[in-house]
Amino acid sequence: MERTIVASFATRREADLAVERLVQQHGIEPTDVSVTAPVRANSAGTKAAGADTESGHPGVAKSGRPQLAGPVEVLVGCHAHKAERVEAAFREAGAMKMKAQ
């Protein structure tokens, strides 16, 4: 790949949406996408969302708290002609910041 584009998201949910868009709408291969916490600790982002806020089971109370130790990063290896589409998908999903490597 010619470049790697990295985006930071406040929630795991936003990062998941970005990955879905990249793969389903823009034809990025799943093997070209990585999701990671840029901090040493495990992290679900900087704010709770989605499954972090409810149990997912009707009538069952949520237990525990999400690990909010820092943003969630999505890294995509792509060719130059797809970079603009990758960046657009990141923006649409709510990326806090992006950088190309």
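This is a predicted model: local features need pLDDT of at least 70, side-chain atom pairs count only at pLDDT 80 or more; totals for chains, interfaces and linings use all residues.
Reader: How should I read the pairing, and how many bridges join S1 to S3?

Author: As a general idea, strands of a sheet pair through backbone hydrogen bonds, either parallel or antiparallel. Here seven bridges join S1 to S3, and these two strands run antiparallel; one place to look is Ser8, whose bridge partner in S3 is Glu73. On S1 there is also a pairing with S4, in the antiparallel sense and over four bridges, where Ala7 stands opposite Met98 in S4. Strand S2, in turn, is joined to strand S3 (residues 72-78) by four bridges, again with the strands running antiparallel, and Val33 has Val76 as its bridge partner in S3.

Reader: What aromatic pair does a search of the whole structure find, and why is the pair of Phe9 and Phe90 edge-to-face?

Author: The search finds one aromatic pair. When ring planes are over 60 degrees apart, the pair counts as edge-to-face; the rings of Phe9 and Phe90 have their planes at 70°, with centres 5.9 Å apart, so the pair is edge-to-face. Because Phe9 lies in strand S1 (residues 3-9) and Phe90 in helix H2 (residues 83-93), the pair ties together parts that are 81 residues apart in sequence. Phe9 is buried, with a relative accessible area of 0%, and Phe90 is likewise buried, at 0%.

Reader: How should I read charged side chains, and which of them meet in a salt bridge?

Author: The general idea is that side chains of opposite charge can pair when their charged atoms come close. A search of the whole structure finds one salt bridge, in which the side chains of Arg21 and Glu92 meet at 3.3 Å, N to O. Since Arg21 lies in helix H1 (residues 12-25) and Glu92 in helix H2, the pair ties together parts that are 71 residues apart in sequence. Arg21 counts as partly exposed, at 25% relative accessibility.

Reader: Is Glu73 buried or exposed, and how far away is the nearest side chain of opposite charge?

Author: Glu73, found in strand S3, is buried yet has no salt bridge, and the nearest side chain of opposite charge, Lys99, is 4.9 Å away. Leaving aside neighbours within four places in sequence, Glu73 is in contact with residues including Val6, Ala7, Ser8 and Thr36.

Reader: Which residues is Thr36 in contact with, leaving aside its neighbours within four places in sequence?

Author: Thr36, which is found in strand S2, is in contact with Val72, Glu73 and Leu75 when those neighbours are left aside. Thr36 is partly exposed, with a relative accessible area of 35%. The C-alpha atoms of Thr36 and Pro71 are separated by 9.0 Å, although these residues are 35 residues apart along the chain.

Technical notes: Residues are numbered from 1 along each chain as its sequence is written. Side-chain values use heavy atoms; hydrogens and water are left out. Rings of Phe, Tyr and Trp (its six-membered ring) pair if their centres lie within 6.5 Å; planes under 30 degrees apart count as stacked, over 60 as edge-to-face and the rest as tilted. Buried means under 20% relative accessible area, exposed over 50%, partly exposed in between (1.4 Å probe, protein chains only). A salt bridge is a side-chain nitrogen of Lys or Arg within 4 Å of a carboxyl oxygen of Asp or Glu. Two strands pair if DSSP finds at least two bridges between them. Lys and Arg count as positive and Asp and Glu as negative; His and the chain ends are not counted. Contact means heavy atoms within 4.5 Å.
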